[in-house]
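Work through the following exercises with the model open beside you. Each task is followed by a stepwise solution.

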Amino acid sequence: MAIVSLKKLTKRYGSMEIVHGIDLDVADREFIALVGPSGCGKSTTLRMIAGLEDISGGTIEIGERIVNDLPPRSRNISMVFQSYALYPHMTVRENLGFSLKIAGAPKEEMDRRVAEASAILGLDALLERRPSQLSGGQRQRVAMGRAIVRDPDVFLFDEPLSNLDAKLRTQMRTEIKKLHAKVKSTVIYVTHDQVEAMTLADRIVIMRDGYIEQVGTPDEVFQRPATRFVAGFIGSPPMNLQEATVADGKVVFAGGQSLPLPIRFKAKVNVGDKVVFGLRPDDIYPAGHGLHSGDAADVHDVELPVTVTEPLGNETLVFAEFDRRDWVSRMLNPKPLKAGDRVAMHFDLSQAHLFSAETGKSLRA
Amino acid sequence: MNRLLSGVAAGALLMASGVAFAADLPGKFPGVTIDAKLIGGQQYEKLYERIGEWEKATGGKVNVISKKNHFDLDKEIKSDIASNSITWCVGSNHTSFAPQYPGIYIDLTKLLPKEEIDAFVPANIAAGTLDGKLVMLPRAQFDVSALYYQKSLYQDEAKKKAYKDKYGEDLAPPDTFDEMAQQAEFFASPPDFYGTQFAGKEEAINGRFYEMVIADGGEYLDKDGKPAFNSEAGVKALDWFVNLYKAKAVPAGTTNYLWDDLGQGFASGTVAINLDWPGWAGFFNDPKSSKVAGNVGVKVQPKGSSGKRSGWSGAHGFSVTENCANKEAAASLVWWLTNEDSQKLEAAAGPLPTRTKVWEWDLEQAKSDPYKTEVLQAFQEAAKNAFPVPQTPEWIEISNAVYPELQAAILGDKTSKQALDDAAAKATQILEDAGKL
Amino acid sequence: MTVKRLSAPTLLLLPAVLVLAAVVVVPLCLSFYSSFTPFRLTRPETFFTFIGLRSYRNILSDANFWWAFGRTVLLLTIALNLEMLLGLGLALLVEKASRGQRLLRTIMMFPMMFSPILVGFQFKFMFNDNIGLVNNALQSLGVTRDAIPWLIEGHLAFVAISIAEIWSSTSIFAILILAGLLAMPKEPVEAARVDGCTPWQTFRYVTWPFIMPFAYIAMTIRSLDVARAYDIVKIMTDGGPAGRTELLWTLVARTAYSDARMGVANAMAYFSILLSIVFTVYFFKKLAAARTQIGAEW
Amino acid sequence: MDANASARLKRRAATIAHRVGLFLAMLFICLPGIWIVLSSLRPTVEILAKPPIWIPQQVSLDAYVAMFSGVGKGGIPVLDYFRNSLIISVTSTVLAIAIGMAGGYAFARYRFRGKSAMFLGLMLTRTVPGIALSLPLFFVYARLDIIDTHFGLILAYVALNVPFTIWLIDGFFRQVPKDLAEAAQIDGCTRWQAFWQVEFPLAGPGIASAGIFAFLTSWNEFALASQLTRSINSKTLPVGLLDYTAEFTIDWRGMCALAVVMIIPALILTFIVQKHLVGGLTSGAVKG
């Protein structure tokens, strides 16, 4: 049983508070991703869970045991570092077996568990090499193997894939997912890459400036971002977000252009409210090239000039100017377009989000 | 081989004479341990083998707590005085350093029979006496300079003739400093050959200067203890060095030379005349170390313009501290290391003794060796004119203040008079600071 | 836990602090006090006479002291800079060599194995005007007929001392700069070559900025340790002749021991300590600046 | 074609220039050493010959034989000096490294108030010239009665070397990524174990190079040794060199022989560890 529970967890360096009393419950065998821009406190939080940083306030429970002041080795965790932190003076085998050696495990057990981990990760051919003789992906695998061998309650990952190239990263992502299916431990995974978080995690924790902005499944955080920040952070390309003012039945942008007030927000706002209007690129598209058929109830059509196109093969990102700003749209089944073309855009306002300009909170019911 | 033989001889003599003093000296000191600071260096070591015999004879024990050359020993003794840690009994001493610390050593006349002290050369005893206290008993390491020269130069007919033509005198080893300078210039042919040389720094140049001031009829310190070397005699003395340097009759590096450079320079055969210490006599005549071996003549030091010969001298000796717990035992050890047998042992290797009897013995021993006889006779003659440094505690400090000025004059930075006036001013200042004037 | 963590660095530093306090700080306090007394070694009672700043006043008005001071600064400046240049050259030469690195590096460090006092004796003999190696060689090669008075003539003596000092200490620069060269990534140099830099430009704009921190480390190490030059100078000229090569350290040593005027000597010593501190702090600053410039956390 | 030819020529010229430069530099470095070795083998009359004798005519080991042949026969207690030097240098190096490791680790791994001031302060203790320190130190030592003991000199040398070892070792620990120690702690190590199992082996070459510097400093130090040692109880080789100087003489040949005896251990040691020395100073990229 390895539930991880953070209560009012706080970190201060001198007078500077880095993590502001966050609460989080991680279920047993759950894969949870901490995501956010650099400096948001996600790594610090992870390191506090690991015991590598003192905590300034609150409690950390692992497996229903308060571990606030326990040293890392007593928490029964393992961790994969961004730099992998392989011991350069040991072979792969020694790296894998190091924790067991320290724990004084008998040789047979050590060999057995190293062999198991090595088999899972396909490291058999590399066991006698040193880290310097390995490629990036191989090192990554060794780092994971070292974590597995310990058979921990909780796996901690600190941006494990950020040193890999794009292709390898995708590949390793899949392997991590498979691994989790096999070892069935609780995983806390820190990343700044929302794609990684979305693809891997059962639930995502989005952090900013030492606060948790939202906790939810990938679907929840994508569909129902709780704040403007989450809305902008999750999804690629990011959501179009523009400041606007609510007028009678419409939202008016800074440049004077307006869109109808989405129906589902009619009861939530008053005339004169300052809001941020958000619409994902998937919900703006040239007629006939969208996710939806375009005949939904709350659709608005505008003809806009194209400024840039980014063809991706199966789709093209079209940047079109509206209210003197570029809005990104995703065109499926792309047709050839070039800068300067004018194109009729569907705005699917049923998918629109409104956030309070003042608090950044979603105005959704 | 020679050394070995003399060692055996000394050993035999020791057996013979050891009985004579057994009644009172060395005495019996069972269980007594004497801490001693001794001068270190190969040529002084042979004597220390005799310490074992003293231990056997008296039942005492000697614990050597330091062995260094005298400059470092001086530093060490000063440090001990300053930190109040004179915990030892017997110390090596030297007439040039002794006046700096008159207070720490006892008067040896109180502990040793008068006839033993009378057996030393009186001048040596006088040099070891400060304010009426005999602070050290000299060992057979007495130093006064004599003139070494390359004999062949004086036998070379061409040179003889050239010299006669030039100066109207016969070429013979110099008897006065003026002759010496004249011949030095005559022989010099830089950079391959030099007429003479002198040690150019520290106490060495100051001592030579001191010696010449006296030879020229002047005084270094007057009877009130005031610096008086910036007199006419002083200027004349200093000019002697300056002119030799100007005439390139001495090696250009001479102002940085110390004794070892001089000895090695003469041994290399590139110097005609060399006023130097007795310790070199063997070295100069040893074909293994010297190119002038077999060609060395020795003569008493030259006369100054006043007709006086002068011999700035130094002697090594041993002293007993006031803090010593067992002064009798310490005095016995000091006596032992300077007694007849010990002196014979040391003198056999070349250095000059300080006991009258040992001088006689030494000359006797050298009879079959004409070179050694010549050396001993010259130095015995030279020793007659010997005198130690002025016995003021500030001597070393004055020396340090004066020598840069002497160098400045020699190198031409100042005139001799100017340099001496500056030096005298500094020396006066030092004496005033010390409350002596 | 918190208490324990707080004390960890303290505990770790404690032995160093204790040893340094015992061997350096306490004796320094003692000597600082004595610089306000007319302390003479041979008269221990003078240790308790207080004369205030008189020694300092005397020193400050003593031209010889200021000459020695200036000469010391000059020697340090010249020697340190030349050592750095030569060390750099040596490191570049050794780094370029394709074979025999092990031997070359050992030879490069050869002078470090010589005790400074030995260096002093060795160069004193080599520079002897009459029988020294240098003059013998020059005369045999027909460069000169004269016996050049290396240790006598004012400038030459200074040169001779500098040569000895440089010979004995260039190794430290060479070894540290070599370390820098070996640690340097190859890509920037290659990039510079492709970008059309001449070898000199490549060195000036790419290599040098990278190894600069190493050079400053060497500078700092050396400036911490400059006083070891004392042993060399002491043996070679001991400040002479006629005070032409007098440095602070030789002056201090002679005043302290030979003249036995410890009080005054200690006052002088404080100037030499001050000088070392100024040099060291200066190079530390330079080092920090150079580190940030290339972003190297060394 | 022309351009290629001249570029090739230039390159060859550069190679030759490099070889010549390297040879000259090495020659300049080695000459004094070679000369010392030669001087120790030749009779004095040949060393000091004028005109000079460049090619040794009589080579012998007399000076070495004499050196070892005991007091009174031209010998000096070289074995005692050697033993003292070895004991003092090795012990003080080990201690300086141990203390330096503790201090360097503190600077590299911990944050604490006044860290940079502390660091500079420690460094500055090294700027005190030996000559300024020797007498006050002597006072303290005289009170503690540790003059002329191994302990006294070891203590002094530890203090002499500690600032420098702290500095170097601090740098080496900084180069060992913090991650590694943390990984080790997560792998079940205490901080102490993590240090010995991971950080220490990785900083090893660097620590070895700090050790070499410390050893050479102790081995060659003279100013303090001449003040704090007195007899064969503790006199070290550099002080022993002065046994060949007396009031009027220097036995240059004997001194050279002793110098050779002194240099050889340092040379062997350096030759063995030079790879670690340079490697230790460079060990940068632990992470690939």
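**Exercise 1: a sheet in chain B**

B:Leu147 has B:Leu275, in strand 8 of chain B, as its bridge partner. The model is predicted, so local features need pLDDT of at least 70 and side-chain atom pairs count only at pLDDT 80 or more, while totals for chains, interfaces and linings use all residues. Residues are numbered from 1 along each chain as its sequence is written, and chains are lettered from A and ligands numbered from 1 in the order in which they are written.

Task: state the strand order of this open sheet and what packs on the sheet.

Step 1. Strand 7 (residues 146-150) and strand 8 of chain B run antiparallel and are joined by four bridges. Strands are DSSP runs of E of at least two residues, helices are runs of H or I of at least four, and both are numbered from the N terminus. Two strands pair if DSSP finds at least two bridges between them.

Step 2. The order is 8-7-9 in chain B, three strands with antiparallel pairing. Strand 8 (273-276) and strand 9 (296-299) of chain B are the edges, each pairing on one side only. From one strand to the next the twist averages 25°.

Step 3. Helix 16 (residues 370-383) of chain B packs on the sheet and touches strands 7 and 9 of chain B; its direction makes about 25° with that of strand 9. Axes are lines fitted to C-alpha atoms, for helices over the stretch in contact, and angles run from 0 to 180 degrees between N-to-C directions.

**Exercise 2: contacts between chains**

Task: find which of the five pairs of chains that touch has the most contacts, and describe the side of chain C in that pair.

Step 1. Residues are in contact if their C-beta atoms, placed from the backbone, lie within 7 Å. The most contacts are between chains C and D.

Step 2. In this pair, 69 residues of chain C meet 69 residues of chain D. Helix 1 (residues 2-34) of chain C gives the most to the chain C side, with 15 residues.

Step 3. That side has 54 nonpolar, 10 polar and five charged residues. Ala, Val, Leu, Ile, Met, Phe, Trp, Tyr, Cys and Pro count as nonpolar, Asp, Glu, Lys and Arg as charged, and the others, Gly among them, as polar.

Step 4. Chains A and B have no contact, and their closest C-alpha atoms lie 50 Å apart.

Definitions and conventions: Contact = placed C-beta atoms within 7 Å.
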